[in-house]
Amino acid sequence: MAESSAQSRFHLVTCEHAGNRIPSRYAPFFRDAIAALHSHRGHDAGALRMARELAGALHAPLVVSAISRLLIDLNRSPGRADLYSEYSGALDPALREEIFKRYYLPFRTKVETQVAQALQAGQQVLHLSSHSFTPELHGEVRAADIGLLFDPERALERALCERWRFALNTLAPDLQVRMNYPYEGSADGLTTALRARFARGYAGIELELNQRHVHAGDTHWRRLREIVVAALKSALQRP
């Protein structure tokens, strides 16, 4: 994915957990979820800001959702037990289906349509999905600043993540960048679903940022975003 092939490459940036909004129709069912909505469970802090800057740097379309994952998780597949949270999962099946059709399907369809159109036009697709993770989960401290999630069986994704990590470590040697951490890139998610549907020409990478950087102050947080973008540009320029 060298920069010289930019004319044949389509960049797409998404943010599945950009906000913690609960539409008023469903708000009564979330009266006891205020704390959860404002925690890492409700949304990915900083992920939207990072997504906007990635999209701007790549001149890429940006698809986001401000609906809380506690209503429905756009990064999960239909039929998964964690598609709905303990709050929305307790709703009447008709309401869950309504939520699915109002919020899940439009988001997924928009992303899939953009990927399909680019592939039909003969372009190679690079999809970046912007996320962040809580520094500590269930008493375990997450030992990473940045995670790059990909499918190890897909050479294009693996090679780009290796170049991205190299560039990140060159620009900021103190940052701990880990591959497929704190989650496996081949686990269920939007990128995994798109790999299954578009076997050739599609590369999907999830960027995971430790939320401690998001909350460390404007100067620090801005500098981290600058490093991430600069490292990605460097990775894309290398053959």
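**Close-up 1. Ala90 in the loop between S2 and H3.** In this predicted model, Ala90 has its place in the loop that runs between strand S2 and helix H3. With a relative accessibility of 66%, where anything over 50% is called exposed, Ala90 counts as exposed. Ala90 and His59 are separated by 31 residues in sequence, and their C-alpha atoms lie 41 Å apart in space.

**Close-up 2. Ser68, a buried residue in the loop between S2 and H3.** Ser68 is found in the loop between strand S2, which spans residues 62-64, and H3. Because its relative accessibility is 0%, Ser68 counts as buried. When residues up to four places away in sequence are left aside, Ser68 touches Gly19, Asn20, Arg21 and Ile22, and also Leu37 and Gly42.

**Close-up 3. The largest nonpolar core and the elements that supply it.** The largest nonpolar core of the model holds 40 residues, and those with the most contacts inside it are Ile146, Trp164, Leu207 and Val228. At least two residues of this core come from each of the strands S1 (9-15), S3 (124-133), S6 (146-149), S7 (177-179) and S8 (202-210), and likewise from each of the helices H2 (47-58), H4 (155-171) and H7 (218-237). Helix H7 gives the most to this core, with nine residues. Apart from this core lies another one, made of 33 residues, which include Ile22, Val115, Leu194 and Phe198. In soluble globular proteins, nonpolar side chains tend to be buried together.

**Close-up 4. Ile146 and the residues it touches.** Ile146 is one of the residues with the most contacts inside the largest nonpolar core. Not counting residues up to four places away in sequence, Ile146 touches Leu168, the run of Leu175, Gln176, Val177 and Arg178, then Leu207, Glu208 and Leu209, and finally Leu224 and Val228.

**Close-up 5. His213 in helix H6.** His213 lies in helix H6, which covers residues 211-214. Because its relative accessibility is 2%, His213 counts as buried. Although His213 and Ile146 are 67 residues apart in sequence, the distance between their C-alpha atoms is 9.8 Å. With residues up to four places away in sequence left out, His213 touches Asp145, Leu175, His220, Trp221 and Leu224.

**Close-up 6. The packing of helix H2 against helix H7.** H2 and H7 pack at an angle of about 40 degrees, and their axes are 10 Å apart. The angle is therefore one that makes H2 oblique to H7. H2 passes H7 in a crossing that is right-handed. On the side of H2 the contact is made by Arg49, Met50, Glu53, Leu54, Ala57 and Leu58, while H7 contributes Trp221, Arg225, Val228, Val229, Leu232, Lys233 and Leu236. Sorted by class, the contact of H2 with H7 has nine nonpolar and four charged residues, and no polar ones.

**Close-up 7. The packing of helix H3 against helix H5.** Helix H3, residues 93-120, packs with helix H5, residues 190-197, at an angle of about 50 degrees, and their axes are 11 Å apart. This angle makes H3 oblique to H5. The crossing of these two helices, H3 and H5, is right-handed. Phe107, Arg108, Val111 and Glu112 of H3 make the contact with Leu190, Ala193, Leu194 and Arg197 of H5. By class, the contact of H3 with H5 has five nonpolar and three charged residues, and no polar ones. Leu194 is also among the residues of the core of 33 residues.

**Close-up 8. Asn180 and Pro182 in the loop between S7 and H5.** Asn180 is found in the loop between S7 and H5, and Pro182 likewise has its place in the loop between S7 and H5. Asn180 has a positive phi of about 50 degrees, although it is not a glycine. Because its relative accessibility is 12%, and buried means under 20%, Asn180 counts as buried. The peptide bond that leads from Tyr181 to Pro182 is cis, with omega near 5 degrees.

**Close-up 9. His138 in the loop between S4 and S5.** His138 lies in the loop between strand S4, residues 136-137, and strand S5, residues 140-141. Phi of His138 is near 55 degrees, which is a positive value in a residue other than glycine. Because its relative accessibility is 77%, His138 counts as exposed.

Terms used:
Residues numbered from 1 in each chain as written. Predicted model: local features only at pLDDT ≥ 70, side-chain atom pairs only at ≥ 80, totals over all residues. Heavy atoms only, no water. Core = buried A, V, L, I, M, F, W, Y, C linked by side-chain atoms within 4.5 Å. Buried < 20%, exposed > 50% of the residue type's maximum accessible area, 1.4 Å probe, protein only. Helix = DSSP H or I, 4+ residues; strand = E, 2+ residues; numbered from the N terminus. Contact = heavy atoms within 4.5 Å. Axes fitted to C-alpha atoms, helices over the stretch in contact; angles between N-to-C directions. Parallel < 35°, antiparallel > 145°, perpendicular 65-115°, else oblique. Left-handed = near helix turned anticlockwise from the far one by under 90°. Nonpolar A, V, L, I, M, F, W, Y, C, P; charged D, E, K, R; others polar.
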